[in-house]
Amino acid sequence: MFAAMTTWDACEVLDNLQPIADYMGIEGWGSSTSEGGEPGTREYGNTWDPDAIGCGNLINLGENSGVVGGGELSVAIVPTEDEDQASSLYESRRATAESAVSGGEDFVESAIADPWDEGVLYASKGNAGSSDLQVIARDGQWIFHIKTNYDQDYGLINEGEPAFGFTNDEFHRWLIETYLPEANQNVNAEIAEVQ
């Protein structure tokens with residue numbers, strides 16, 4: 001299973017992150033001003049996250065009260081040789097994520113349960129009010145890791161009308177209740193094909 005997973009195209013397995021793109025209203029991939037396109041694939045052994053296959057890029061969230069809203073979204077699937085290795089790697093990634101996100105304002109920590117063996121969402125506000133979020137979840141001998149940051153909703157701040165189609169709380173709830181169970185099912189369906 002491990003060897004097969006390291007050869008996967010994460011963007012293919014995760015439908016080019018289309019569910020997240022639809023939810024967030026991502027208008028383009030590659031920069032904060034890109035139109036269209038698609039996220040980029042990161043192969044196993046890549047420079048940014050060598051233990052994982054990944055999918056993501058810079059994102060364009062569209063017009064945001066006269067400012068182009070942007071950010072970055074990266075989703076990784078981390079295969080391991082066995083459950084002990086996965087547990088150890090999960091804890092390492094969890095601690096790193098907590099350290100990276102907990103220094104921001106309005107720190108949020110939400111536990112993630114079934115169908116995952118363990119998981120957590122960390123979120124806070126970073127520089128200039130941008131939102132920083134990391135999700136780390138483990139199922140058996142693989143880990144799912146989402147990292148994103150995106151500009152604050154200037155429409156809400158400047159005009160009292162949101163420019164984004166979601167609040168941070170709604171996004172967190174959607175990730176935990178809708179996206180993560182679907183992603184778990186999709187990855188496990190791929191695993192079933194190679195076992």
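**Exercise 1.** Find which strand gives the largest share of the lining of the largest pocket.

*Solution.* Start with the strand: β4 supplies 5 residues, the largest share of this lining. Strands here are DSSP E runs of at least two residues, and helices are H or I runs of at least four, both numbered from the N terminus. A pocket is an open set of points on a 1 Å grid over the protein atoms alone, where a 1.4 Å probe fits, with protein on both sides within 12 Å along at least five of seven lines; lining residues have an atom within 4 Å of a point. Next, the whole lining: it has 21 residues, with R42, E72, S74, K147 and T148 nearest the pocket's centre. Last, the space inside is about 350 Å³.

A quick word on the model: it's predicted, so local features need pLDDT of at least 70 and side-chain atom pairs pLDDT 80 or more, while totals for chains, interfaces and linings use all residues. Residues are numbered from 1 along each chain as its sequence is written, and side-chain values use heavy atoms, leaving out hydrogens and water.

**Exercise 2.** Work out why the disulfide of C11 and C55 is called right-handed, and say what the pair ties together.

*Solution.* First, spot the bond: the sulfur atoms of C11 and C55 sit 2.1 Å apart, and a disulfide needs them within 2.5 Å. Now place the ends: C11 is in helix α2 and C55 in strand β3, so the pair ties together parts 44 residues apart in sequence. Finally, both C11 and C55 are buried (under 20% relative accessible area, 1.4 Å probe, protein chains only).

Technical notes. Buried means under 20% relative accessible area, exposed over 50%, partly exposed in between (1.4 Å probe, protein chains only). Grid points are joined across faces, edges and corners, and a volume is the space filled by probe spheres set on the points.
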